[in-house]
Amino acid sequence: MNLISPKPSPYTLIVADIHLQPVPHHPINDTFLNFLQNEAPKADALYILGDLFEMWVGDDIGLEIYAPFISKFKQLTDNGLKIFLQYGNRDFLMRKAFCKATGIKVIEDITIASLYDEPYILIHGDSLCTDDISYQRMRKIFRNPFVQWLFLHLSRKRRLNIGHKMRKNSKEYSQDKPQQIMDVNQQALCEIFKRFPQATHMIHGHTHRPAHHTIEAEHKTLHRWVLGDWRPQAEVIKIDHSGPHFKTYPTPK
């Protein structure tokens with residue numbers, strides 16, 4: 001008698017703020033590669049909500065530095081896994097060569113994803129931190145298409161130097177800023193929910209503060225799910241027909 005194992009219930013995985021490092025065998029890199037090898041293939045889809053890479057200063061450089069991940073993504077997408085990516089504040093310069101090499105689809109900064117008959121607002125999260133005025137000013141400059149075009153036409157050496165300097169400045173900037181300024185602004189959050197009244201769930205990253213928050217609105221409860229970073233263990237969100245759940249993904253032994 002042949003026993004047929006029941007098919008696992010369908011689910012989608014959502015991650016953010018992996019910050020893959022531009023050096024081989026970093027604990028974060030090893031953890032995420034293990035995740036791609038053992039966890040991602042079981043899912044219906046994988047959403048990456050920004051800051052996949054610690055820095056990305058052009059497809060020509062990034063495809064070389066992160067070659068093991070590029071080939072792994074391509075293997076996964078060729079085997080049928082749908083992978084969607086939002087830009088983060090560290091890696092918003094991926095272009096056509098990246099998408100072709102990986103099979104990943106880049107999605108809008110604010111995306112409504114219908115998952116198992118439930119709409120979810122997916123967003124990286126930095127645009128919600130409106131109290132950090134200097135950051136928002138810098139974000140507006142860096143997201144200007146002309147500024148990006150100029151940067152991508154600099155030499156490889158100069159782009160790398162700028163990238164490393166920005167990494168260093170970002171760490172110093174974060175240490176000097178009060179934490180509440182760098183967190184999500186409640187008004188900005190509620191405005192997004194008002195724009196998309198069909199959704200009661202929002203998922204974002206950026207703040208590195210994994211948690212599930214609820215907001216009591218008129219006639220309904222709103223849910224904000226915050227993803228953590230990978231330092232080196234992560235809080236991944238798994239969504240199935242019963243809704244979102246946090247799942248801790250630890251460093252492999």
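This section describes the overall dimensions, nonpolar cores, surface patch and backbone features of the predicted model.

The protein chain contains eight helices and 11 strands. Its C-alpha atoms occupy a box of roughly 65 × 50 × 35 Å along the principal axes. The radius of gyration is 19 Å, in agreement with the value near 18 Å that a compact globule of 253 residues would have. Of the 253 residues in the chain, 47% are buried. The accessible surface amounts to about 13400 Å², and carbon and sulfur atoms account for 55% of this area. Contacts between residues at least 6 apart in sequence were also examined; 67% of these join residues at least 24 apart.

The largest nonpolar core comprises 53 residues, of which Ile14, Phe32, Phe35, Leu46, Tyr47, Ile203 and Trp230 touch the most other members. At least two residues of this core come from each of the helices H1 (27–38) and H3 (67–78), and from each of the strands S1 (12–15), S2 (45–49), S3 (82–86), S5 (110–115), S6 (118–123) and S10 (234–240). The greatest contribution is that of S2, with five residues. Another core, of 13 residues, lies apart from the largest one and includes Ala188, Phe196, Met202 and Leu222.

Phe146, Trp149 and Leu150 form a nonpolar patch of about 340 Å². Trp149 belongs to helix H6, which spans residues 145–152.

Most residues other than glycine have a negative phi. His25, in the loop between S1 and H1, has instead a positive phi, near 60°. Asp117, in the loop between S5 and S6, likewise has a positive phi, near 70°. His25 has a relative accessibility of 67% and so counts as exposed. With a relative accessibility of 72%, Asp117 also counts as exposed.

How values were computed. Residues numbered from 1 in each chain as written. Predicted model: local features only at pLDDT ≥ 70, side-chain atom pairs only at ≥ 80, totals over all residues. Heavy atoms only, no water. Core = buried A, V, L, I, M, F, W, Y, C linked by side-chain atoms within 4.5 Å. Buried < 20%, exposed > 50% of the residue type's maximum accessible area, 1.4 Å probe, protein only. Helix = DSSP H or I, 4+ residues; strand = E, 2+ residues; numbered from the N terminus. Patch = residues over 30% accessible without salt bridge, like charges linked within 9 Å, V, L, I, M, F, W, Y side chains within 5 Å. Areas by Shrake-Rupley, 256 points an atom, 1.4 Å probe, with all protein chains shown as cover. Salt bridge = Lys/Arg side-chain N within 4 Å of Asp/Glu carboxyl O. Rg over C-alpha atoms; globule rule 2.2 N^0.38 Å. Contact = heavy atoms within 4.5 Å.
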